[in-house]
Amino acid sequence: MLLWSEVVGSYQNHSMAGYVSVKAAQVEGRRVVMQEETVDLTDEMAQMIADLGIQYSNLTIAEEVGISDIEEQLKELEKKIFRWDADKSMICLQDVIEVRELGEVLGLLYSSNKDERHYELLKFAKSILQMAMEMLEDELVKLLRQCCQPVEPDITSFHSAEDDSVDYFSSSSFDDESVGRISHGDTVRESANDVTSSIQHGLVSNIISIANLMFLSNYDKECCQAYVAVRKEALEEHLSVLQIDKFSITEVFKMDWKQLNCMINKWKQAMCAFIQDFLARERHLCNLVFGKLPRSARESCFVEISKSSILQLLGIAMAIAMAPPKPEKLFQILNTYEVLNDLLVRMEHFFPEDYGSCVLTECDEVLLRLTESVSGTIEELKHNIQSNISSNAFAGGGVHHLTKYVMNYIKALSAYNETLGLILEGQQGADQSSSTEDGGEKTSLDQSPLSWHLKSLTTILETNIDHKSQLYNDVSLRNIFMMNNICYMVDKVKLSNLRNFFGDEWIRAHISKFHLHARNYERASWTSVLSFLRAEGLHKPGSSNPSLTVLKDRFRGFNQAFEEVYKAQTAWLVPNDGLREDLRIAVSAQLIQAYRTFEGRFASHLDGERHRERYIKYSPEDLEEYLLDLFEGSPKSLQSQRRR
């Protein structure tokens, strides 16, 4: 095929074609002269004068060219164009140009004299042009299908997304391990594909020539329809390669969490690949093909090509946003928001507002719905924490599943600081307008929306944990439970980036809280045990020696009290190594010293007594060793096991 730039002069050896071409050149010369002579006129007036001059020149050509010669030329061109159907290599745009120019000449002749023969030849020229345009349209379709090499997305990533069974804080993920499987969604990757390299520019040059000629011949509608049909089909095929199916909102609502999670992972990757690879290439190709044609054609074609595929992808995001709020979905909703928000700038570049407003409006609407979904899900999380009611005390007094869940959840949330800052701006609670409680002290209002919501979540958690602690009949265990859970909260904040949101003041206040519970535990657990080691009441009135009966009761009572505490508190759990060691040291400091003093002062009075070992069963060293068994969550009994 001869390109647009190659057609000039190709048929100069033909007398009629050459004559018309020369005359056309003369017309162009007259146009330039007229433009130079009308520089002082307005643009509109100058154009009118130039057009009149061209029409006069064309009429002059028409009068000088014989009508028989025109008819002969048209028949010759018809034969050539007929041969295109059998041999596409015979296609020559110059043939079409000549038909069009002869049609213009005949139009001028007919308009000047209304000759019937001129009219018949004019219809003949139009029929030849129509036939040529249909063949060029077929050729355009073929070239459009061939001009782009396949862009290969990372298919393996889509398979991995399909197999991904990550359980983002589902109702069963009340443990530490769940946080290890949570990761902040990747930001929009930069495409590794060069969109221009997949376009065969040699074929595109031919496409441009055909498109320009079809527009010049008033077949712009047919050109655009053919272009849109082919490239729209190609784009939809690309979407199918990305393994994205059409889902209704109802279908999305009915998906279980594993299905939904898999679909969202695939959607995120597909959206990035589609916009950055496929849509970017279509935008570039559209700019090339319609670069010298009216902007309206270029923009409307691109919108028509891409609109349905983009709206299909946005429809999935909308369904995700409209699903009932559930805390386990929040991270995927945030990932969806980030992907779409990051791609928005590129989409605004692809879709000028005056032509792509339908796409941009839908994108904005989806982002708004995702924003509402995030806010609603956080409120749902607060409600779920508040309404998490237990009927039985948590065994062992360790860190409750709810505490782990909430703290790991908000730790993962903090990774979305920037995104949540945008979404939650201005959405603090009403009490934020005055002041907030922070460990019993008023805190500054200078905190981010995310900081406020995170603190609000922990406040609700603390209230719930306090209610759960009331299920313990043993006051000591109640304090152990509160100490463990508040210590866990402090560690999560202190040892992560949550510290940036809660601040040192919150940390200090909550350290004081769990230290207070530790002291309360010591008093509640060991005061009664230590009471047996008091010297008061041992001596008979007026005697320096202790009453052996009372002394035996004291040792017997101590043994029984210690064994009961030992049996109970070896089953209790303090998972924090440092806190567990501190408790043992604190208990040992009181108990061992008191026992050592009491035994050293009064044990000799039982020398020679029958069954002395029943009363003085333990040495201070034994007690120290036994204290090491406390808070391990493994119940033991001193009745069945002795270390001597």
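Helix α5 and helix α8 pack against each other in this predicted model. α5 covers residues 116-146, and α8 covers residues 201-216. Their axes lie 10 Å apart, at an angle of about 150°. Angles over 145 degrees count as roughly antiparallel, so α5 is roughly antiparallel to α8. The crossing of the two helices is left-handed.

Which residues of α5 and α8 make the contact? From α5 come M133, L136, E137, E139, L140, L143, L144 and Q146. From α8 come L203, N206, I207, I210, L213 and M214. Sorted by class, the contact of α5 with α8 has ten nonpolar residues, two polar ones and two charged ones. An α-helix has 3.6 residues a turn, so residues three or four places apart point the same way.

Two packed helices are described by the angle between their axes and the distance between the axes. Helix α13 spans residues 330-350, and helix α14 spans residues 353-386. Their axes come within 10 Å and cross at roughly 155°. α13 and α14 are therefore roughly antiparallel to each other. Here, α13 passes α14 in a left-handed crossing.

The contact between them draws on both helices. α13 contributes L330, I333, L334, T336, Y337, L340, N341, L344, M347 and E348. α14 contributes V359, L360, C363, D364, V366, L367, L370, T371, S373, V374, T377 and I378. By class, the contact of α13 with α14 has 15 nonpolar, five polar and two charged residues.

Is α15 largely enclosed or largely open? Ten of its 13 residues are buried, so α15 is largely enclosed by the rest of the structure. The buried residues are L402, T403, Y405, V406, M407, N408, Y409, I410, A412 and L413.

Finally, step back to the whole chain. The protein chain has 23 helices and two strands. Of its 644 residues, 49% are buried. Contacts can also be sorted by separation along the chain. Among those with a separation of 6 or more, 81% join residues 24 or more positions apart.

Definitions and conventions
Residues are numbered from 1 along each chain as its sequence is written. This is a predicted model: local features need pLDDT of at least 70, side-chain atom pairs count only at pLDDT 80 or more; totals for chains, interfaces and linings use all residues. Side-chain values use heavy atoms; hydrogens and water are left out. Axes are lines fitted to C-alpha atoms, for helices over the stretch in contact, and angles run from 0 to 180 degrees between N-to-C directions. Helices (H or I, at least four residues) and strands (E, at least two) are DSSP runs, numbered from the N terminus. Angles under 35 degrees count as roughly parallel, over 145 as roughly antiparallel, 65 to 115 as roughly perpendicular and the rest as oblique. A crossing is left-handed if the near helix is turned anticlockwise from the far one by less than a right angle, and right-handed if clockwise. Contact means heavy atoms within 4.5 Å. Ala, Val, Leu, Ile, Met, Phe, Trp, Tyr, Cys and Pro count as nonpolar, Asp, Glu, Lys and Arg as charged, and the others, Gly among them, as polar. Buried means under 20% relative accessible area, exposed over 50%, partly exposed in between (1.4 Å probe, protein chains only).
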